[in-house]
Amino acid sequence: MRRFHGLAAACTAALLLAACGGDDSKKADSSAKEGFDRNPYPSTYQPYPNDPVLITNATILDGEGNLIEDGSLLLKDGKISAIGSDIKAPDGVETIDASGRWVTPGIIDNHSHLGVYPSPGVSAHGDGNEISAPVTAEVWSEHGVWPQDPGFTRAIAGGITSMQVLPGSANLFGGRGVILKNVPSRTVQGMKFPDAPYTLKMACGENPKRVYGYGAGRFPGGAPYSRMGNVAGYRQAWIKAAEYKRKWDKFADEGGEPPARDLELDTLAGVLNGDILVHMHCYRADEMAQIMDMSKEFGYKVASFHHAVESYKIADKLADYGACSSMWADWWGFKMEAYDGVRENIPLVHKAGACAIVHSDSDVGIQRLNQEAAKAWSDGQKAGIDIPKEVAWTWLSLNPAKSLGIEDRTGSLKPGKMADVVIWSGDPFSVYTKADQVFIDGALMFDRDHPETNPVMDFELGQPGEGDRK
Amino acid sequence: MIRTLFASVAAIGLAAAPALAETIVLRGETVWTGTAQGTIPNGVVVIEDDRIVTVGGENTEVPDGATEISAAWVTPGLIAAFSRTGLVEVSAEDSTNDTMAANSKFSTSLNAADGFNPDATAVDITRIEGFTRLVVAPNTGNTIFAGQGFVADTSGDLDADIDAQAFSFIKLGESGAGLAGGSRQSAMAMLRAALDDARTYPARYLTHNEGAALNRLDALSFSTAARGQQLMVIQASRASDLNAVMDLAEEYPNLDIIIVGADEAWRVADRLAIMDIPVIINAFSNLPSSFEQLAATSENAARLADAGVTFAIANIGDESHQARLAPQLAGNAVANGLSSDDALAALTTAPADIFGLTGFGRLAPGAHADVVAWDGDPLEVVSSPTAVIIAGEAQSLESRQTRLRDRYLSLDESERPRAYSRP
């Protein structure tokens, strides 16, 4: 694996395979020089068997900003094979007449806690946040994911084909996130998006200082106690990470005795190397501006600010910097840093030329992110921000894919990409529309009207409501 | 179920009416009345002072000189059937949060109307999404008894129309078990003891200040609900818990019970219908979020409607700031089998009937003039109100959020910082 000393954004470009994982055999060859295995819990996900399918007569949003009326889409060998208005079905290929229905790329939620805060939300299931210290960059969310979370099945019924599962936001550095295909599996490895980059969850503002500074009611608690302490905490960690990185760079260049491993610094150095993408929980505009400066100070880049309730106040600066904002349509007021929420946040960010993403952070919201986008789209229209629906869909698929470094493989209906596709019962900007069929890598993984194609997790077997309409 | 405890509101409503008679004519391409008139295409609603005087078709005679409002849809003002709006400004800031009192020595006597702030930003923010009335419940602190909720208009006026002590709110099920000492049976014992205390008030308190469950003031406050003279809203979700509530209702036949939560209500829907016990549900609930919600389904509403249960839909879970999302929940219930009529009723006529709000929740001659004009189907996520009328007065469609939006529609600071912009 080559090292990237530049910004993490490099990881999201065409060089992704080289920079962020990719060919496992190459990795094995280079592991001697690397000193240790960067991918010890590799994906075992394989696309399920699928036959070619031609979807016809659909209103297609291609995910890249285009709308095709009476469109056709050919899925073959798990990939998007062709898209257009006049595609002939190859011999023997199943055709789905989608008259009156809409077709889009699968939705990608880049902020989920499915699996780490699963249903039922009993105390034994609280595996989403290692609150034991303000810096826990050493933990990986995949080690807390319970693949039997029934929430995954509700999400697929909402057209979710991939998601990022993040650790919680108590800590300055919460740990690594993991990108999953929304395909049920006995193991989390069986869900991991192949060769996706790792991500790092960080958090601004109230959460870290409340959890540590106030010590859950014990006064005085530890650090950080204030937003000043938050930033000092990040900077101290980055200084340590830079030193750690220098040692490993020297080892890679000169050989000799490998430096001592430090799990926490492995992750932080991975960010400085450009291998790991930073996803930062941050509500307030002024704090995001400080974080952007801090990232320049240490030579990395924030892939996306999450929640970003005040992004509309600095949308121009976010556009200049090149960070995405992962936002709710309308959440507000539950804490002080969420007080200035406005319903037009998402369209205002988009209007400024910055990357806008609709995220859920919720096992309820993830089931209808299309409706959340619709609300934001509509509120934007009414405020004079005219964004076509086909462009607004980038908030749901392509932009989150970019923020996760997987946009070369999914997030739009471009030929060659993974056939992650949803057939909607109608216009997905309507409350009445539902996902009829969901394809992941070309395999039909959800079909609303066929109970045998509705997954039921172990937890729900033998319980009241098993296999019911959900 | 029509309740009549709200007679006093009519008098208050009249007292708060504007001094000058005003006549408003609303014309809707679709007028949903919530009455036997059904849905009227190209309908007309005429308001005089604080009352609706006429509801009819396009040829309805209208008075001269009226203010005319045209819209795609006209409906009764929505009623937030279970909210905490106006009790809290910022949830996580205790100094601004009057939803609960974990350290109070009182319980059933906590009167949420004492904490209502018509200036709370959430009131405007909820009103401009089409809500004209809020049913506001306190939350529980250290017992199963949260205290007494109220009904208020969303005008944001300091003299807002408030019906205090409209109901008592009590938690059973998992939450109740935790609050009552650790088990469902301890919660039920606590409730029975409190009913006993309150029903024997004041005799039991002649020589003592403390009863088996309630102190003197709490027993006095709970005595109206315990004697069936005040609504009792009980939170429960699991089918067996709903049966336990219905068993209690049979044991104490004078209690006037409403169940909130009721995620598994569809499993006991026939009994709820026979006993005429209404429920308030969260139509999004479809996850086994706890062991008392294993059979939660987004078809709960549709199945309750089929069984003839009276039900309202509310955004239970974020009741303070996002009560405004109930139409989205109702729209999703339609996507899961509920009729559009029943969904609109679950936001208007049903909560009015459940809480005894006579003359609210419907467009009918003589009804209170809480009316909303919409730019589209109110259940659609892309629709929003173009006019909100409370007691005959057109309300502002501004909120702190719209002011913030308007300030930041432009980020230009070449002349002055944004802080100087107040569009």
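Tutor: Asn42(B) has 13 C-beta neighbours inside 10 Å, so Asn42(B) counts as partly exposed. (Buried takes 20 or more other C-beta atoms within 10 Å of the residue's own, exposed 12 or fewer, partly exposed anything in between; C-beta atoms are placed from the backbone.) The model is predicted: local features need pLDDT of at least 70, side-chain atom pairs count only at pLDDT 80 or more, and totals for chains, interfaces and linings use all residues. Residues are numbered from 1 along each chain as its sequence is written, while chains are lettered from A and ligands numbered from 1 in the order in which they are written.

Asn42(B) sits in strand S2 (residues 39–48) of chain B. (Strands are DSSP runs of E, at least two residues; helices are runs of H or I, at least four; both are numbered from the N terminus.) Phi of Asn42(B) is near 50°, positive although the residue is not glycine.

Asp441(A) in chain A also has a phi near 50°, a positive value in a residue other than glycine. Its place is the loop between strand S15 (435–440) and strand S16 (443–447) of chain A. Asp441(A) counts as buried because 24 C-beta neighbours lie inside 10 Å.

The largest nonpolar core holds 259 residues. (Such a core is a set of buried Ala, Val, Leu, Ile, Met, Phe, Trp, Tyr and Cys residues joined through C-beta atoms within 7 Å.) Helix H4 (residues 184–199) of chain B supplies the largest share, 7 residues. Among the residues with the most contacts inside this core are Val45(B), Ala265(B) and Ala330(B). Take Ala265(B). Leaving aside residues up to four places away in sequence, Ala265(B) touches Leu242(B), Leu272(B), Val279(B), Ile281(B), Asn300(B), Leu304(B) and Val309(B). (Contact means C-beta atoms, placed from the backbone, within 7 Å.)

Next, Ala330(B). Ala330(B) is one of the buried residues of H9(B). Helix H9 (residues 326–335) of chain B is mostly covered, with 10 of its 10 residues buried. The cover includes helix H10 (369–382) of chain A. From chain B it includes strand S5 (78–83), helix H8 (300–307), strand S12 (311–313) and helix H10 (340–345). Just after H9(B), Gly337(B) takes a positive phi of about 105°.

That leads to the contact between the chains. Here 44 residues of chain A meet 35 residues of chain B. H10(A) gives the largest share of the chain A side, 5 residues. By class, that side has 19 nonpolar, 10 polar and 15 charged residues. (Ala, Val, Leu, Ile, Met, Phe, Trp, Tyr, Cys and Pro count as nonpolar, Asp, Glu, Lys and Arg as charged, the others, Gly among them, as polar.)

Finally, two cis peptide bonds in chain A. One joins Ser119(A) and Pro120(A), with omega about -5°. Pro120(A) is in the loop between strand S6 (107–112) and H3 of chain A. Another runs from Ala223(A) to Pro224(A), with omega near 0°. Pro224(A) lies in the loop between H4 and H5 of chain A.

Terms used
Contact = placed C-beta atoms within 7 Å.
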